[in-house]
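Please walk me through this structure.

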Amino acid sequence: MRFLACLKKDIRLMTGGGIRTLLFLALPAVLVFLMLWGMRGLDAESFTKSFPIAVRDNDNTLMSGMLISRLDDIGMFDKVVHAENETDGELLEAGCAAVVTVPKDFFYDIYDMSDTDVVISLNMNMPHEAAIVMSTFGAITRLLTENQRASYAAARVKYGELGPVEWEAVYRDYSLAALDSALSRLDVFSMDELYTKGYDGTKLFFGASVISMIMLFMPLMMLRSVPEEIGSGLAGRFSLAGGSVYLTVLSKLAIAFIFVLVPTALILIVLKIKLTLLLAAALVCSFLFSFSLFLVISLLTKDAALSQFSGVSLMLFILLAGGAFYPGALLGKAFGAISGYLMPGMILSAMLLPGGAFKEMLPRFLALIVPFAVFAALSAPLIRSGIRRRA
Amino acid sequence: MDAPVLSLKDIVLSYGAERVLDSVSLDVYPGEVLGVRGVNGAGKSTLLGIMAGLIAPDSGTRTVSPELKSRIALVPQEIALYPSLTGRQNLEFWAEAYGLKGAPKKARIGYLLKELNLQDKARKRVETYSGGMQRRLNMAAALVVTPKLLLLDEPTVGLDTESVSIMLSLITRLKNAGCAVVLVSHAGDEMKLACDRVLELKDGRLL
C-alpha cells in the first residue's frame with residue numbers, strides 16, 4: 001500500500017500534471033524527431049575523418065587477394081595495414097579502427113552455403129569508425145551470399161543436379177566472376193556507398209547518444225525532489241506513517257526505470273537496432289549508474305537547485321566526453337581515451353559488438369558497476385545522516 | 001491519572017562535542033497539551049525528534065504505549081509537503097501512506113480541507129499557497145489519521161491571526177478527544193492559551 005502510494009506520488013512528481021505532463025511525455029519523441037531530421041542529407045564525412053584498418057588474409061585465394069587489394073583504393077581508409085604476425089591487440093593498439101580477418105576457406109564456404117563471415121576485431125576507442133567497418137563488411141558478405149545463390153541457381157538450370165566433382169568445377173568457374181560482380185556491379189566500395197554505410201554507423205551513433213541522454217535525464221528529473229524530501233521532514237513524516245525512506249528511493253528507481261524503458265524501446269524499434277543480451281546489460285548498467293550517481297549528488301548537495309545544477313553539469317560532461325555530441329575519437333586524445341568508458345561510447349560499443357562479447361565489454365561494464373556499488377553503499381548512511389541532521 | 005502515552009528518562013544526546021540534551025526526563029499523558037518553551041537552539045526540535053522516534057539518543061530510554069503504533073503525528077517547523085503537487089494530492093499521498101483508501105480516505109481528506117479552511121485551494125499546487133495556508137496544510141497532512149500523540153514544532157510561526165485561531169481550536173478539539181499534544185515554541189503567548197503545563201528547555205536541560 002505504501003509502495004503504491006509512493007509510486008503514484010512519484011509519477012505525479014515526475015510528470016507535474018497539465019501542459020508539463022504533455023511536454024514531458026513528448027520529450028523522447030521530440031528527441032527522436034530532431035535526431036532523424038538532423039540526419040537528413042547527412043553523410044559520414046561530417047562525422048568521420050579517414051582512419052587506418054588492418055587486414056589479415058588467412059584464405060590466400062585469388063578472390064581474397066582481390067577483396068583485400070580493393071580496400072587500398074578506399075579513401076575512407078587512409079592506411080590499410082596488411083597484417084602478418086601481429087596480433088589483433090597489437091594492431092588495435094597501433095591505432096587501427098578494426099582488424100578484418102578473412103578466414104581460411106572463406107570464399108569456398110560462401111559458395112558452399114556454409115555459414116561464414118569475415119572476422120572483425122573492433123577498436124572500441126573508435127566506436128564510430130568501427131561501426132562503419134562493421135556495416136561495410138556486413139554488406140559485402142550479404143552481397144557475396146546473394147551472388148552465390150544466383151550462381152547456384154544458374155548452375156542448376158544449366159547442368160541440373162550437381163555431384164561433388166561438378167560442384168567443384170562450378171565453384172572454380174563462377175566464383176571469380178561472382179566476386180567481381182559483387183565488388184563492381186553493386187559498387188560496394190564507391191565512396192557514396194561507403195558513406196551510406198557510414199550513415200548506418202551514424203544512426204547507431206545517434207541512437208546511443210539519445211538513449212544516453214534519456215538514461216541520464218530521467219533519473220536526474222526523478223531524483224530532483226530528494227533534497228526537499230530529506231531536508232524538509234518529509235522522510236521523517238513518512239517514517240512515522242510506518243514507511244521507510246528506502247521504500248521511497250525504491251519507488252523512484254521503479255518510476256525512473258519505466259520512464260527510461262519506454263523511450264529507449266521506442267528508439268531501438270524506430271532505428272531498428274537489435275537488442276542483444278550485451279546491449280541489454282549495457283543499458284541496465286547505465287541506468288543503475290545514472291540513478292545512483294544522481295541520488296548521491298542530491299544527498300550530498302542537500303539543496304534542490306544545487307543538486308540540479310551539479311546533475312546537469314555532470315550529465316553534459318558525460319555526454320560530451322562520452323562522444324554523444326561528436327565521436328569521442330575526434331575529440332582529442334584525452335577524451336578519446338575515456339569516451340569508450342562513459343555511457344554514450346559504452347552503449348555504442350554494445351550496439352556494435354556481438355551479443356555474447358561480454359569479455360570484451362567487461363572493463364567498460366566495470367567502469368559503471370564499480371561506481372554504482374560505491375554510490376549505492378554511500379546512499380544509505382547519507383540518507384540516515386540527512387534525516388538525523390534535519391531533526 | 002492515566003498512564004503516560006510517552007515517557008523519556010535521562011535522555012542524553014550530543015552532536016560532536018556539543019551536548020544538545022542533558023538528562024531530559026518527562027511524561028506525556030493522554031488528553032493533555034504539554035508545552036516546551038526555549039530559545040532558538042535550545043534543543044526543542046531535537047527533543048521532538050526523539051519523542052517521535054526519529055532520533056536515537058546517546059543514552060536514556062524512550063517508552064511509548066503500544067496503542068501509539070503509527071498514531072504519532074509530527075508537524076515539523078519546515079513545510080513537509082510536496083510543493084509541485086496540489087493540496088489534495090499531498091493529503092492523498094499521506095492518507096495512503098497511513099493505509100487509508102477508498103471512501104474513508106476521501107471523507108477524511110474532505111473533513112480536513114474543510115476544518116482547516118482549504119477547500120477552495122485544494123486543487124492548486126502547494127507552491128502557490130500563502131505561508132499560512134501551507135502551514136495549515138502541513139498540519140492537515142499530520143492529521144490524515146486521528147493521532148494519539150501530536151507533536152507540533154513552532155506551529156504558529158509566520159501565521160496570520162485567522163490561521164492561529166484555526167490551529168488552536170483544532171488543538172483543543174484533539175485534546176478533548178483524548179489526544180496528547182506536545183507543542184514546542186519559543187513564544188510564550190500561545191503556550192498560555194493552549195497548554196495545560198509548560199516546561200522550559202535551557203541549555204539542553206528541562207527546568
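Helices (H or I, at least four residues) and strands (E, at least two) are DSSP runs, numbered from the N terminus. Ala281(A) has its place in helix 12 of chain A, residues 277-301. This is a predicted model: local features need pLDDT of at least 70, side-chain atom pairs count only at pLDDT 80 or more, and totals for chains, interfaces and linings use all residues. Residues are numbered from 1 along each chain as its sequence is written, chains are lettered from A and ligands numbered from 1 in the order in which they are written, and side-chain values use heavy atoms, with hydrogens and water left out.

Stay with Ala281(A) for a moment. Contact means heavy atoms within 4.5 Å. Leaving aside neighbours within four places in sequence, Ala281(A) is in contact with Phe358(A) and Phe365(A). Ala281(A) and Phe358(A) are 77 residues apart in sequence, yet their C-alpha atoms are 9.2 Å apart in space.

Now take chain A as a whole. Chain A has 16 helices and 4 strands. Of its 391 residues, 51% are buried. Among contacts in chain A between residues at least 6 apart in sequence, 78% join residues at least 24 apart. Chain A exposes about 17200 Å², and carbon and sulfur atoms supply 65% of that area. Such accessible areas come from the Shrake-Rupley method with a 1.4 Å probe; for residues, only the protein chains shown count as cover.

Next, the cysteines. A disulfide is a pair of cysteine sulfur atoms within 2.5 Å. A search of the whole structure finds 0 disulfides over all chains. Cys6(A) counts as buried because its relative accessibility is 0%. Cys285(A) also counts as buried, because its value is 14%.

Charged pairs come next. Side chains of opposite charge can pair when their charged atoms come close. A salt bridge is a side-chain nitrogen of Lys or Arg within 4 Å of a carboxyl oxygen of Asp or Glu. The structure holds 16 salt bridges over all chains. In one of them, Asp10(A) meets Lys9(A), N to O, at 3.2 Å. Asp10(A) and Lys9(A) are both buried. Lys9(A) also forms a salt bridge with Glu229(A), at 3.4 Å from N to O. That pair links distant parts of the chain: Lys9(A) sits in helix 1 (residues 2-15) of chain A and Glu229(A) in helix 9 (residues 226-231), 220 residues apart. Glu229(A) is buried, as is Lys9(A). A network of salt bridges links Lys9(A), Asp10(A), Glu229(A) and Lys252(A).

The side chains of Arg205(B) and Asp22(B) meet in a salt bridge, 2.9 Å from N to O. Arg205(B) is in strand 9 (residues 205-206) of chain B and Asp22(B) in strand 2 (residues 18-28), 183 residues apart. Arg205(B) counts as partly exposed because its relative accessibility is 43%. Asp22(B) counts as buried because its relative accessibility is 17%.

How do the two chains meet? The contact takes 27 residues from chain A and 39 residues from chain B. Chain A and chain B bury about 2700 Å² between them, 58% of it on carbon and sulfur atoms. Buried area is the accessible area (1.4 Å probe) that two parts lose on being put together, summed over both. Between chain A and chain B the count is 2 salt bridges. One of these joins Lys8(A) and Glu96(B), with the closest N and O atoms 2.8 Å apart. On the side of chain A that touches chain B, helix 1, helix 9, helix 10 (234-240) and helix 16 (358-390) of chain A each supply at least two residues. Helix 1 of chain A gives the largest share of that side, 7 residues.

Finally, the backbone of chain B. Most residues other than glycine have a negative phi. Asp10(B), in strand 1 (residues 6-15) of chain B, has a positive phi near 50°. Asn117(B) is not a glycine either, and its phi is positive at about 55°. Asn117(B) lies in the loop between helix 3 (102-115) and helix 4 (131-142) of chain B.

Note on methods
Buried < 20%, exposed > 50% of the residue type's maximum accessible area, 1.4 Å probe, protein only.
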